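These entries record what I looked up in the structure and in what order. The sequence and the model are placed below for reference.

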Amino acid sequence: MILIADSGSTKTDWSLVKEDGQYKIIQTKGINPYFQTEQEIENEFSTVLLPQLGNETVEAVYFYGAGCSFDKVETVRKIIKRYILTDVVEVDTDLLGAARSICGKKAGIVCILGTGSNSCFYDGNKIVENVSPLGFILGDEGSGAVLGKLLVGDLLKGLLPAPLKEKFFAQFELTPAAIIDRVYRQLFPNRFLASLSPFLAQNLHEKEIHELVLNSFVSFLKRNVMRYGYDRYPVYFVGSVAYYYREVLLEATEQTGIQIGKIVKNPIKGLVAFHSAELVTM
């Protein structure tokens, strides 16, 4: 039995895969070593993941996570080995997970649009080019966090119609002071901002909202995707933002002349297929 994890900043989907390819999904909070301490990550393992695993014997773990850069990989691997007794532990970025899931062994440009955003050129085996996403302060164009940031920025600066502003504050029971506190003084401002982005999906019929989302997607495509060979390869998208805003995303790709390969909500099903195929060939 193998355990596959797709971990973003908001949530982690764990797939416990049996030899016959059947699997079940376990969910925990997002595990991101860039924002969390070892103790915080260990707490999620010990109090949330392990009780759901029960007495299952896990022979290998494949963990794909946001924030799993080269200098953080060993930290996550060490924690996994401490709680799941196996010597086979592979830790890599959520971007490689997305690429393996949606492209398999084929080359393509792969993008993540979720709480954060990222992109790469994948040659069918590994990531060979990656424009740095830079996080939601300097980059992450098109992500849930940036869409939320743009939304509250426009609301607080009075750039959106008054009825929308009133609707927003009533729906989320927030005040301007509370927003400033959550963004500048509390942990995980990216998660908070991303949690506001569904308001945009609910109000896409409003001209100002539609333009905000469209412009953010166009910015993502121009500043990231168009840095690769986008005229020679299809572009694949993974993530809840790409999935739920697919119509606006398609509009943005039409504007920029980008060919979409596929849009999927999350990569876990594709990762199960990828690693199940790997087990068969071993």
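**Entry 1: E141**

Where does E141 lie? I found E141 in the loop between α4 and α5; helices (H or I, at least four residues) and strands (E, at least two) are DSSP runs, numbered from the N terminus. I note here that this is a predicted model, in which local features need pLDDT of at least 70, side-chain atom pairs count only at pLDDT 80 or more, and totals for chains, interfaces and linings use all residues. Residues are numbered from 1 along each chain as its sequence is written, and side-chain values use heavy atoms, with hydrogens and water left out.

E141 counts as buried because its relative accessibility is 9%; buried means under 20% relative accessible area, exposed over 50%, and partly exposed in between (1.4 Å probe, protein chains only). I listed its contacts (heavy atoms within 4.5 Å). Leaving aside neighbours within four places in sequence, E141 is in contact with L113, S117, V146, S216, S219, F220, R223 and N224. I also looked up a C-alpha to C-alpha separation: E141 and I268 are 23 Å apart in space and 127 residues apart in sequence.

**Entry 2: N224**

I followed the side chain of E141 to that of N224, with which it makes a polar contact of 3.1 Å. A polar contact is a pair of N or O atoms within 3.5 Å; within protein, one must be able to donate a hydrogen and the other to accept it, and residues adjacent in sequence count only if both atoms are side-chain atoms. N224 is in the loop between α10 and β9 (235-238). At 4% relative accessibility, N224 is also counted as buried. Its side chain reaches the backbone oxygen of F220 at 3.0 Å. Not counting residues up to four places away in sequence, N224 touches S119, V131, S132, E141 and S219.

**Entry 3: nonpolar cores**

Which residues have the most contacts inside the largest nonpolar core? They are F168, F217 and F237, in a core of 44 residues. A nonpolar core is a set of buried Ala, Val, Leu, Ile, Met, Phe, Trp, Tyr and Cys residues joined through side-chain atoms within 4.5 Å. Helix α10 (residues 207-223) supplies the largest share of this core, 8 residues. Apart from it I found another core, of 22 residues, which includes L16, V61, V73 and V76.

I looked up F237 in detail. Beyond four places in sequence, F237 touches I102, C111, L113, F220, L221, A242, L249, I260, K262, I263 and V264.

**Entry 4: α10 against α12**

I examined how α10 packs on helix α12 (residues 246-256): the angle is about 50 degrees and the axes are 9 Å apart. Axes are lines fitted to C-alpha atoms, for helices over the stretch in contact, and angles run from 0 to 180 degrees between N-to-C directions. The two helices, α10 and α12, are therefore oblique to each other; angles under 35 degrees count as roughly parallel, over 145 as roughly antiparallel, 65 to 115 as roughly perpendicular and the rest as oblique. From α10, H210, V213, L214, F217, V218, L221 and K222 make the contact, and from α12, V248, L249, E251, A252, T253, Q255 and T256.

**Entry 5: α8**

Why is helix α8 (residues 189-196) described as largely enclosed by the rest of the structure? I recorded that 7 of its 8 residues are buried, namely P189, N190, R191, F192, L193, A194 and L196. The buried residues of α8 pack against α4 (135-138), α5 (144-156), α6 (162-172), α7 (176-184) and α9 (198-202).

For α5 and α8, I noted an angle of about 70 degrees, with the axes 7 Å apart. That makes α5 roughly perpendicular to α8. G144, A145, G148, K149, L151 and V152 in α5 meet N190, L193, A194 and L196 in α8.

**Entry 6: backbone and loops**

I checked phi values next. L134, in the loop between β8 (127-129) and α4, has a positive phi near 75 degrees. L134 is partly exposed, with a relative accessible area of 48%. E173, in the loop between α6 and α7, has a positive phi near 50 degrees. E173 is exposed, at 73% relative accessible area.

Last, I looked up T86, which lies in the loop between α2 (73-83) and β5 (88-93). T86 is buried, with a relative accessible area of 9%, and its side chain reaches the backbone oxygen of E59 at 2.5 Å.
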